[in-house]
Amino acid sequence: QNGVVVAVPGAAGSLGPSAAYNIHVNGVLHCRVRYSQLLGLHEQLRKEYGANVVPAFPPKKIFTLTPAEVEQRREQLEKYMQAVRQDPTLGVSETFNSFLRKAQQETQQIPTEEVVLEVLLSNGQKVKVTILTSDQTEDVLEAVASKLDLPDDLIGYFSLFLVRETKDGAFSFVRKLQEFELPYVSVTSLHNSEFRIILRKSYWDSSYDDDVMEHRVGLNLLYAQTVSDIEHGWIVVNKEQHRQLKSLQEKVSKKEFIRLAQTLKYYGYLKFDPCVTDFPEKGCHVVVSAGNNELNFQVRLPNEQIKEGSFKVTRMRCWRVTSSVPMSNGPSGSSPGKSEVKLELAFEYLMSKDRLQWVTITSPQAIMLSICLQSMVDELMVKKSGSSIRKMFRRRANGALRRSDSQQAVKSPPLLVSGTAAAVGKMKSKLTSVSLRGISHSSSANDVGSNDFHGNYAFEGIGDEDL
């Protein structure tokens with residue numbers, strides 16, 4: 001998941017009672033906290049949710065810790081933070097998320113003040129919103145929606161994404177901004193003008209386009225995104241289709257333009273930067289796209305032949321993200337996508353009725369890929385429960401975000417993380433269709449125990465008709 005890694009930043013100075021720990025999220029330094037602050041968070045969670053719900057916390061020590069004990073405590077704190085984040089109740093709690101937000105702001109030493117934040121739309125248009133530096137992701141999303149006159153009941157169809165602008169004007173997606181962070185702090189602390197925040201639709205099922213197109217602003221946003229995806233080659237268009245689209249564009253027939261685009265290959269997909277996979281053999285170059293409840297692979301084989309195939313999310317038994325991110329990051333942390341950060345997404349796939357196989361993607365965007373998989377599963381589960389994604393966003397009441405029952409039942413978004421060892425999402429449900437087993441056959445270097453996976457709810461209901 002897109003998670004939490006705890007690191008001891010210093011050496012000698014780390015052994016005292018006020019030792020600070022670096023909390024890394026997505027391989028980037030999120031905040032720096034002391035043991036006493038984490039203990040305070042733990043006690044608050046116990047008070048609110050009960051001792052039987054909250055994981056055990058590393059005990060206090062009377063004497064100064066030895067280096068070995070410092071490392072042991074770091075590992076225990078990391079496991080604790082991961083366990084809290086991945087708990088379906090604790091991980092979405094305002095107590096936990098506000099702790100991370102406050103710590104992020106304090107670490108980056110950004111005072112609470114009014115600022116103007118620039119948010120991009122798909123067509124390059126800039127929306128400037130006046131916010132507080134301490135405004136969280138939902139606050140900023142609401143401010144952008146308000147500036148655009150997007151109705152409240154359509155806000156839940158859109159999200160803010162952290163992207164990196166490439167030289168050709170396209171965007172490389174880093175991650176969807178999460179509820180535990182402050183967008184202004186997240187983007188400014190990277191100290192790199194290539195990183196921007198963009199507004200984009202955050203659902204996968206194109207039938208939801210009908211809801212969005214009911215309103216003028218929703219239609220304009222969807223139209224701008226569709227035009228952009230076609231221009232950047234994310235949606236495949238032949239000459240005749242291109243002619244038809246151009247004609248509709250000239251007539252400003254936006255709905256008809258989108259309807260035609262919906263019939264095209266890769267409509268609604270998110271395209272990732274070229275990377276490497278071990279499928280069908282090691283070292284193959286691949287372009288991965290996520291959409292339509294699948295990961296699409298365009299693989300260049302060693303003989304230069306191009307092969308294409310798709311992996312359905314419903315047939316992924318589980319997945320994990322592993323990373324080898326140096327823990328000696330500077331004050332602002334590493335920028336996502338730097339060469340020293342090696343991230344892998346591995347998923348176990350039901351190739352045929354009785355055959356599971358691991359497929360690994362090595363990409364700086366592995367976390368974003370994991371977030372895409374998780375959001376596809378979440379959307380499938382919301383639909384299965386008979387609910388609507390209209391209900392997946394609730395305006396804040398008394399400072400707390402109210403969530404619908406259907407969303408509460410679904411796992412929190414992926415929270416992966418970094419470290420020299422594998423960082424993985426923990427499985428929260430037992431899988432019934434295929435027995436859980438060890439992964440000694442995995443092609444990934446950092447094998448871990450069978451309890452350390454990000455399980456897939458959508459896999460449980462798989463039947464013969466899905467094969």
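The tour passes from the whole chain to single residues.

**Before starting**

This is a predicted model, in which local features need pLDDT of at least 70 and side-chain atom pairs count only at pLDDT 80 or more, while totals for chains, interfaces and linings use all residues. Residues are numbered from 1 along each chain as its sequence is written, and side-chain values use heavy atoms, with hydrogens and water left out.

**Stop 1: the whole chain**

Display the chain as a cartoon. It has twelve helices and 19 strands; helices (H or I, at least four residues) and strands (E, at least two) are DSSP runs, numbered from the N terminus. Of the 467 residues in the chain, 55% are buried. Here buried means under 20% relative accessible area, exposed means over 50%, and partly exposed lies in between, with a 1.4 Å probe and protein chains only. Contact means heavy atoms within 4.5 Å. Among contacts between residues at least 6 apart in sequence, 64% join residues at least 24 apart.

**Stop 2: the nonpolar cores**

Select Leu 117 and Leu 199, the residues with the most contacts inside the largest nonpolar core, which has 54 residues. Helix α7 (residues 216–231) gives the largest share of this core, seven residues. A nonpolar core is a set of buried Ala, Val, Leu, Ile, Met, Phe, Trp, Tyr and Cys residues joined through side-chain atoms within 4.5 Å. A second, separate core of 42 residues includes Phe 171, Trp 204, Phe 272 and Leu 369.

Return to Leu 117 and show its surroundings. Beyond its neighbours within four places in sequence, its contacts include Val 127, Val 140, Tyr 184 and Ile 197.

**Stop 3**

Select residues 195–201, strand β8, where seven of seven residues are buried. Phe 195, Ile 197, Leu 199 and Lys 201 are on one side and Arg 196, Ile 198 and Arg 200 on the other, so both faces are covered, given that buried means under 20% relative accessible area.

Which strands pair with β8? Strand β6 (residues 158–165) pairs with β8 in the antiparallel sense over seven bridges, and strand β4 (residues 114–120) runs parallel to β8, joined by two bridges. Two strands pair if DSSP finds at least two bridges between them. To locate these pairings, find Phe 158 opposite Lys 201, and Leu 120 with its bridge partner Ile 198.

**Stop 4: salt bridges**

Select Glu 118 and Arg 196, whose side chains meet in a salt bridge (2.6 Å, N to O). The pair links distant parts of the chain, since Glu 118 is in β4 and Arg 196 in β8, 78 residues apart. A salt bridge is a side-chain nitrogen of Lys or Arg within 4 Å of a carboxyl oxygen of Asp or Glu. Glu 118 is partly exposed at 27% relative accessible area, whereas Arg 196 is buried at 16%.

Next, select Arg 175 and Glu 181, a salt bridge whose closest N and O atoms are 2.5 Å apart. Arg 175 counts as buried at 8% relative accessibility, and Glu 181 counts as buried at 0%. A search of the whole structure finds 18 salt bridges.

**Stop 5: helix α2**

Select residues 67–86, helix α2, and find Arg 73 within it. Arg 73 is buried yet has no salt bridge, and the nearest side chain of opposite charge, Glu 69, is 8.3 Å away. Lys and Arg count as positive and Asp and Glu as negative; His and the chain ends are not counted. Among the residues that Arg 73 touches, beyond those up to four places away in sequence, are Tyr 21, Tyr 35 and Leu 65.

**Stop 6: the backbone**

Most residues other than glycine have a negative phi, and most peptide bonds are trans. Select Gln 109, which has a positive phi of about 55 degrees although it is not a glycine. Gln 109 lies in the loop between α3 (94–107) and β4 and is exposed, with a relative accessible area of 68%.

Finally, select Phe 279 and Pro 280. The peptide bond between them is cis, with omega near 0 degrees, and Pro 280 lies in the loop between β10 (275–277) and β11 (284–291).
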